[in-house]
Amino acid sequence: MIDFLIQKFVKNYEDTQSFTTRRSYGNLSSAVGLFINLFLFSTKLIIGLLTNSIAIMADAINNLSDCFSIILMVLSFSMSTKPADEKHPYGHSRLEYIFSSLITILVIYIGVKLVVASFKKIIHPEVITFNIYSLIVLIVAIVAKFWLSKFYYKISKKIDSDLLMATSVDSKSDCISTSIVLISVVVFKLTGLNIDAYIGLLGGVIIIKNGFEMITDTVDKLLGTGAS
């Protein structure tokens, strides 16, 4: 499926050193990511409101934040692939590292918001309304995010993009956090034990941890590693 999309929408897809080809890869990644994240956001938000689950709604907001990340991705590929000029004799490739840092900061922010919301719900717990549709949506979301992570990873390797690699890690974090939410819903159904807020807290910590790992790698390259 990934190879099909590349061959269908990227002209001269084997010429990964070309600015035009690189931008086409970026546009394809952005379009696919935007479609999947908007779909997941809308479905999770509806199910979260129906089931009164803070973890599912937080997961929905996380997908919405990914849409803003994709906008940054579009800007990054548009600006970083500009050829060298008089003021920038080494080109604009380091802009990709800067945009990658912005996406990572957004990931950390979402993790902090999730931790805060979970703490509030631990103090003031609310009942979860179990719905079979929530299980279906969460399973679909896990599969979609896992595929999207592989999609970003494969393209990042093809064009040597730190930005897409960071986005791949972000999608993998979403897959983990959604899996944790699924566990909380199943546990509630089987035992009646409401661990929604605690699971949300754990998911937030995982997101923050991955965010800091991503930004450390990017900052290292900005400070001391040459751009390819």
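When I say helix, I mean a DSSP run of H or I with at least four residues, numbered from the N terminus. Bear in mind this is a predicted model, where local features need pLDDT of at least 70, side-chain atom pairs count only at pLDDT 80 or more, and totals for chains, interfaces and linings use all residues. Residues are numbered from 1 along each chain as its sequence is written, and side-chain values use heavy atoms, with hydrogens and water left out.

So, the core. A nonpolar core here is a set of buried Ala, Val, Leu, Ile, Met, Phe, Trp, Tyr and Cys residues joined through side-chain atoms within 4.5 Å, and buried means under 20% relative accessible area with a 1.4 Å probe, protein chains only. The largest one has 24 residues, and Ile-6, Leu-28 and Leu-164 are among those with the most contacts inside it. Helices H1 (2–9), H2 (19–51), H3 (54–80), H4 (95–123), H5 (132–159) and H6 (162–191) each give it two or more residues. H5 puts in the largest share, seven residues.

Next, a cavity: on a 1 Å grid over the protein atoms alone, that's a set of points where a 1.4 Å probe fits but cannot get out, and lining residues have an atom within 4 Å of a point. What lines the second largest cavity? Asn-37, Asp-66, Ser-69, Ile-70, Lys-145, Tyr-152, Thr-167, Asp-170 and Ser-171.

Terms used:
Buried means under 20% relative accessible area, exposed over 50%, partly exposed in between (1.4 Å probe, protein chains only). On a 1 Å grid over the protein atoms alone, a cavity is a set of points where a 1.4 Å probe fits but cannot get out, and a pocket is an open set with protein on both sides within 12 Å along at least five of seven lines; lining residues have an atom within 4 Å of a point.
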